[in-house]
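Open the model in your viewer and keep the sequence panel beside it. This tour goes from one selection to the next and says what is there.

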Amino acid sequence: MIILGIILIVLGYLVPAVPSIVVTIGWILLVVGLILTLLGAVGRPVGRKTYF
């Protein structure tokens, strides 16, 4: 999710034909991916999934 967000952000800034909604979706994916990564790193169950 983080990588897809970065790709969409870069694509939105480099290609002028791409609408700005792509950049917005890219930022949203990037932030959500980082939040889920941080929650998983501290051991908090995400989506009712616990790993031992």
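Is Leu4 buried, partly exposed or exposed? Select Leu4 and show its side chain: with a relative accessible area of 45%, Leu4 is partly exposed, because that value falls between the 20% limit for buried and the 50% limit for exposed. Keep in mind throughout that this is a predicted model.

**The whole protein**

Zoom out and show the cartoon. The secondary structure consists of two helices and zero strands. The protein has 52 residues, and 17% of them count as buried.

Select residues 2-14, which form helix α1. Then select residues 20-41, which form helix α2. The two axes come within 7 Å and cross at roughly 155 degrees. α1 is therefore roughly antiparallel to α2, since an angle over 145 degrees counts as such. The crossing in which α1 passes α2 is left-handed.

**Along helix α1**

Return to Leu4, which lies in helix α1. Leu4 and Leu30 are 26 residues apart in sequence, and the C-alpha distance is 7.7 Å.

Ile7 and Leu30 are 23 residues apart along the chain, with 9.7 Å between their C-alpha atoms. Ile7 has a relative accessibility of 48% and so counts as partly exposed.

Next, select Ile9 in helix α1. Is Ile9 buried or exposed? Its relative accessible area is 10%, so Ile9 is buried; the cut-off for buried is under 20%. Ile9 and Ser20 are separated by 11 residues along the chain and by 9.4 Å between C-alpha atoms.

**A nonpolar patch**

Finish at Ile6, another residue found in helix α1. Ile6 is partly exposed, at 42% relative accessible area. Which residues make a nonpolar surface patch with Ile6? Select Val10, Leu11, Leu14 and Val15 together with Ile6 and colour their surface: these residues make a nonpolar patch of about 420 Å². A residue needs over 30% relative accessible area to belong to a patch, so Ile6, at 42%, passes that limit.

Terms used:
Residues are numbered from 1 along each chain as its sequence is written. This is a predicted model: local features need pLDDT of at least 70, side-chain atom pairs count only at pLDDT 80 or more; totals for chains, interfaces and linings use all residues. Side-chain values use heavy atoms; hydrogens and water are left out. Patches are made of residues with over 30% relative accessible area and no salt bridge: like charges are joined within 9 Å, nonpolar side chains (Val, Leu, Ile, Met, Phe, Trp, Tyr) within 5 Å. Accessible areas come from the Shrake-Rupley method with a 1.4 Å probe; for residues, only the protein chains shown count as cover. A salt bridge is a side-chain nitrogen of Lys or Arg within 4 Å of a carboxyl oxygen of Asp or Glu. Helices (H or I, at least four residues) and strands (E, at least two) are DSSP runs, numbered from the N terminus. Buried means under 20% relative accessible area, exposed over 50%, partly exposed in between (1.4 Å probe, protein chains only). Axes are lines fitted to C-alpha atoms, for helices over the stretch in contact, and angles run from 0 to 180 degrees between N-to-C directions. Angles under 35 degrees count as roughly parallel, over 145 as roughly antiparallel, 65 to 115 as roughly perpendicular and the rest as oblique. A crossing is left-handed if the near helix is turned anticlockwise from the far one by less than a right angle, and right-handed if clockwise.
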